[in-house]
Amino acid sequence: MKYVEFPERTSWRELFVRPKTASSATEEQVLRILNDVAQRGDVAVAELTSQIDKVNLDSIRVSTAEIEAARAQIKPELKLAIKIASENIRKFHKFVICPEDSMETMPGIRVWRKSVPIESVGLYIPGGTAPLFSTVLMLAIPASIAGCKRIILCTPPDKNGNINPAILYAASECGVTEIYKIGGAQAIAAMRYGTQTISPVYKIFGPGNSWVTMAKQLIAKDGFPIDMPAGPSELAVFADERVNPAFVAADLLSQCEHGADSQVVLVSTSKKVIEDVRAQIEFQLSGLLRNEFATKSLENSLAILVQTAEQGIELLNEYAPEHLILACDRAELLSTRVVNAGSVFIGEWSPESAGDYATGTNHTLPTSGNAKGWSGVSVDSFVKKITFQKLTREGLSQIARTVEVMAEAEGLLAHRNAVSIRMKQQ
């Protein structure tokens with residue numbers, strides 16, 4: 001980890017540059033994949049799956065028999081874990097749904113808003129070195145609560161043409177209606193444009209590697225809705241002298257093991273805490289199965305010494321991390337000052353991995369500083385908000401002159417006339 005001592009405010013933005021994840025060459029290649037799938041559909045998908053995943057498939061759609069076989073492979077302990085996590089996710093997302101009612105802005109003018117489910121949504125689930133079946137729960141459960149009629153899932157097959165059993169089990173438990181063996185940018189293209197086998201969806205969700213991320217960015221640039229701009233995983237921790245260095249090191253490494261392009265940031269008011277945490281990182285690193293990823297990730301990461309806790313929070317608001325742990329004194333009070341973060345974990349008994357799996361909050365969160373303007377996935381992500389208004393003659397008369405004056409000022413006389421003609425009607 002790079003060590004920085006008392007950085008000047010003017011250097012904060014430059015300090016927090018994220019690791020680069022894609023080149024212009026990658027963009028060109030991804031664009032070719034998108035265009036190829038859009039034009040040739042299943043044929044392009046099959047060729048790309050053969051080239052990239054090294055497998056030739058008779059069918060890209062997962063069968064009922066494959067799902068049942070996967071269910072039989074899942075151990076009871078994992079089934080129970082998925083059940084508990086699912087229940088907590090369901091409880092949280094139902095809890096945060098806001099009631100919607102109508103109101104009168106003036107006598108005779110009634111207005112209201114209604115949440116309407118997006119009819120068809122696509123979920124991308126990574127299935128390579130870390131098959132993220134937990135992300136299936138995080139996306140499919142709020143989609144199901146929202147009332148989406150069609151929830152499809154794409155995930156890459158292994159070299160034998162199979163999908164990780166835990167992904168299939170989780171999908172079967174939480175409302176996914178179709179599952180396809182497609183990975184990478186070609187999966188995003190198939191969900192966006194449709195193929196002979198897959199009907200297109202109306203919005204795409206889910207994390208992925210740099211190719212998947214680039215594909216989502218390109219279709220979003222073209223006006224197609226996605227969940228959010230997303231990049232590699234990241235975690236920031238604010239720690240003071242009261243912290244257990246082993247806890248903090250474990251939290252930082254839990255994010256580093258996602259991939260070589262992940263990033264972690266440790267901010268502290270104590271140089272000794274930083275030294276102790278770094279020593280613990282070295283100690284714990286050798287015991288990780290994915291220590292090569294974690295080691296590379298640490299090269300992108302920072303340990304920053306600040307003067308005060310308040311300055312630390314200010315600096316972290318500039319960083320706007322995907323995940324933020326406050327492992328310090330007055331953690332809950334300091335959390336009220338957090339304005340830019342995807343999800344916040346308060347106190348030393350709140351590891352980020354708890355939120356990744358089972359607290360109930362969503363782990364699909366904005367990265368790369370996008371927490372300054374984006375929220376994590378929720379039921380709201382799977383609905384459209386449609387507004388309604390109903391006016392009586394009395395209601396229209398209340399605002400008729402207001403509308404006429406404003407329309408005239410904008411030079412939109414037909415807008416004015418749409419009101420005036422009604423007011424002249426006896």
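The model is predicted. An open sheet of six strands, paired in parallel, is one part of the picture. Another is a nonpolar core of 39 residues, the largest in the model. The helices α4 and α7, whose axes come within 8 Å, close the briefing.

**The sheet**

- The six strands of the open sheet follow the order β1-β10-β9-β8-β11-β12, and their pairing is parallel.
- β1 (2-5) and β12 (343-346) are the edge strands; each has a single partner strand, so one side of each has no neighbour in the sheet.
- From one strand to the next, the twist averages 15 degrees.
- Six bridges join strand β8 (residues 234-239) to strand β9 (residues 263-268) in the parallel sense.
- Glu234 has Gln263 in β9 as its bridge partner.

**Helices on the sheet**

- Helix α10 (residues 245-256) packs on the sheet and touches β8, β9 and β11 (323-327).
- The direction of α10 makes about 170 degrees with that of β8.
- Helix α13 (residues 309-319) lies across β8, β9, β10 (302-305) and β11.
- α13 also runs at about 170 degrees to β8.

**The nonpolar cores**

- In soluble globular proteins, nonpolar side chains tend to be buried together.
- Within the largest nonpolar core, of 39 residues, Val136 and Phe382 have the most contacts.
- Elements that each supply at least two residues of this core include the helices α4 (64-73), α5 (76-95), α6 (133-146) and α7 (165-173).
- The strands β4 (120-124) and β5 (150-155) likewise supply at least two residues each.
- α6 gives the largest share of this core, with nine residues.
- Leaving aside residues up to four places away in sequence, Phe382 touches Pro117, Ile118, Val121, Leu123, Leu139, Pro142, Ala143, Ala146, Cys148, Phe205 and Val377.
- Another core, of 29 residues, lies apart from the largest one; Val45, Ala185, Met191 and Leu218 are among its members.

**The pair α4 and α7**

- Two packed helices are described by the angle between their axes and the distance between the axes.
- For α4 and α7, the axes come within 8 Å and cross at roughly 110 degrees.
- Angles of 65 to 115 degrees count as roughly perpendicular, and therefore α4 is roughly perpendicular to α7.
- On the α4 side the contact involves Glu66, Ile67, Ala70, Arg71 and Gln73.
- On the α7 side these residues meet Pro165, Leu168, Tyr169, Ser172 and Glu173.
- Sorted by class, the contact of α4 with α7 has five nonpolar, two polar and three charged residues.

Conventions
Residues are numbered from 1 along each chain as its sequence is written. This is a predicted model: local features need pLDDT of at least 70, side-chain atom pairs count only at pLDDT 80 or more; totals for chains, interfaces and linings use all residues. Side-chain values use heavy atoms; hydrogens and water are left out. Two strands pair if DSSP finds at least two bridges between them. Helices (H or I, at least four residues) and strands (E, at least two) are DSSP runs, numbered from the N terminus. Axes are lines fitted to C-alpha atoms, for helices over the stretch in contact, and angles run from 0 to 180 degrees between N-to-C directions. Contact means heavy atoms within 4.5 Å. A nonpolar core is a set of buried Ala, Val, Leu, Ile, Met, Phe, Trp, Tyr and Cys residues joined through side-chain atoms within 4.5 Å. Buried means under 20% relative accessible area, exposed over 50%, partly exposed in between (1.4 Å probe, protein chains only). Angles under 35 degrees count as roughly parallel, over 145 as roughly antiparallel, 65 to 115 as roughly perpendicular and the rest as oblique. Ala, Val, Leu, Ile, Met, Phe, Trp, Tyr, Cys and Pro count as nonpolar, Asp, Glu, Lys and Arg as charged, and the others, Gly among them, as polar.
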